[in-house]
Amino acid sequence: MTKLNIADKSLIRQINTSAILQVIREKEPISRAEISKLTGLNPATVSNNVSNLIQMKIVREIGSGESSGGRKPVLLELNPKAFYIIGVDMGTTKVITAVTDIEGKIVKKVVMRFPKDRTVKVVIDIIKDSIYKVIEDSNVEVDKILGIGMGVHGLVDCDKGISIYAPAFDWHNIDIKKIFEDEFSVPVNIDNDARVMALGEKWFGRAKNASDFVCLNIGTAIGSGIYLNGELYRGSSFGAGEIGHINIVNRGPRCNCGNYGCLEVMASGPAIVDRFIERINCGEKSKVIDFVDGNLSDITGEIIFKAAIEGDELSKTILNETGRYIGLAVSVIINLLNPEMILIGGGVSKAGEFIFDAIKDTVFQKSMKHNVENTYIGPTGLGEDCGVIGAATLILKDIFKAPKLY
């Protein structure tokens, strides 16, 4: 029989360690014997790997469990304060940066807005400043930070760590990974902002037990992250999930992508404001005008939502229309992919029932009954922290896959 070479043995140890660590994360507190049953690994292998994880301070013993007749088992759990991750959620108008522990819990978070002058240098410098600030404010020891995960607006080559195209900033082929690894001297992983939201929901949010789901990010722009068969789907050239550029209406406004009537120019935050102002200019009335003292340039999606809560008919109509536009796109997803869940996050999702009722009504009208009757449609479980926790998870998933590399 051919003996396994050193590389093969090392890979097997890595796989075993990863399997044990994942079980502890999902089932903690848990005993060594239970880990052995769940993974199929023999007790000696489990004991040896657990000892290594304890030595690395990723896992800790926390006392005894219930006895089934013999000695009480020693229970294990993750040691959440052993190491930390930085998550960066780069949107089109602001960056949210947080320090999280290895269980995805936020220790400290900061928000910085981008100015109108959004050159590459300006945006990069603000993101760097946000990272330095969150480290300082968190009081976490720098040598306990294992890496930086970044959710980046636009098309992203996550293998090379390059921002291929960020339309809001009109930048192309920016080597984000190199820039931030050179600055902070820790591993940096990046992906599209909507995909990291989906990743966060899979690890820590509403989609923990889902294998097939789609997470929509509806804010200043619109994108989506897609999970198929338990894996994040990126497409052949990292372009999967660009639902914001599905055509929704004929002869609609021109989109940044060059086409007309895309979902993004009908249902994003700025699109909601644009449609509202257009109706005001056509003579319709709304209490929003009183909220902004007649200054139309001060109207925001948040103000429209506030007016809807107070019964303003135009605001409710605009939000209902927005939900129907989103519902048209969601029905395409459901008919095409038949997912278990459609999760919706981003600023527009804060409009709650004013858009979700219309989304669901439209989806049930436009989707195949068989495909939609068991599909959950609702907000993300992590709320506004979905993106930044998902960004941190880009590093966490690598730690749980190969902890010794960190």
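Helices (H or I, at least four residues) and strands (E, at least two) are taken as DSSP runs and numbered from the N terminus. The views below show a predicted model.

**View 1. The cis peptide bond between E28 and P29.** P29 is placed in the loop that runs between α1 and β1 (30–31). The bond leading from E28 into P29 is cis, and its omega is near -5 degrees.

**View 2. N139, a residue with positive phi.** The phi angle of N139 is about 60 degrees, although N139 is not a glycine. This residue belongs to the loop between α4 (120–138) and β7 (145–152).

**View 3. The salt bridge between R60 and E77.** The closest N and O atoms of R60 and E77 are 2.8 Å apart. The pair connects distant parts of the chain, with R60 in strand β2 (residues 59–64) and E77 in strand β3 (residues 74–78), 17 residues apart. In the whole structure, 21 salt bridges are found.

**View 4. The interface of domain 2 with domain 3.** Three domains divide the chain: domain 1 (9–78), domain 2 (84–202 + 386–401) and domain 3 (208–380). Between domain 2 and domain 3, the C-alpha centres are separated by 25 Å. Contacts join 19 residues of domain 2 to 24 residues of domain 3. The two domains bury about 1,800 Å² between them, and carbon and sulfur atoms give 61% of this area. On the domain 2 side, the most area is lost to domain 3 by R195, E201 and K202, which together give 37% of what that side buries.

**View 5. The salt bridge between R234 and D191.** The count of salt bridges between domain 2 and domain 3 is one. In the pair formed by R234 and D191, the closest N and O atoms lie 2.8 Å apart.

**View 6. The largest cavity and its lining.** One cavity of 30 Å³ or more is counted in the model. The space within the largest cavity is about 30 Å³. Its lining consists of G154, L155, N192, R195, S224, F238, A240, G241 and E242. By class, these residues comprise three nonpolar, four polar and two charged. Domain 2 (84–202 + 386–401) and domain 3 (208–380) each contribute at least three residues to the lining of the largest cavity. R195, one of the lining residues, is also among the residues of domain 2 that lose the most area to domain 3.

**View 7. The second largest pocket.** This pocket holds about 700 Å³ of space. Its lining is made up of 23 residues, of which Q22, R25, E26, K202 and W203 are the closest to the pocket centre. At least two lining residues come from each of α1 (6–27), α6 (193–204), β14 (231–233) and α14 (386–401). Charged residues number 13 in this lining, alongside seven nonpolar and three polar residues.

Note on methods:
Residues numbered from 1 in each chain as written. Predicted model: local features only at pLDDT ≥ 70, side-chain atom pairs only at ≥ 80, totals over all residues. Heavy atoms only, no water. 1 Å grid on protein atoms, 1.4 Å probe; cavity = no way out; pocket = protein on both sides within 12 Å on 5 of 7 lines; lining within 4 Å. Points joined across faces, edges and corners; volume = space filled by probe spheres on them. Nonpolar A, V, L, I, M, F, W, Y, C, P; charged D, E, K, R; others polar. Domains from an automatic or database assignment. Contact = heavy atoms within 4.5 Å. Buried area = accessible area lost by both parts, 1.4 Å probe. Salt bridge = Lys/Arg side-chain N within 4 Å of Asp/Glu carboxyl O.
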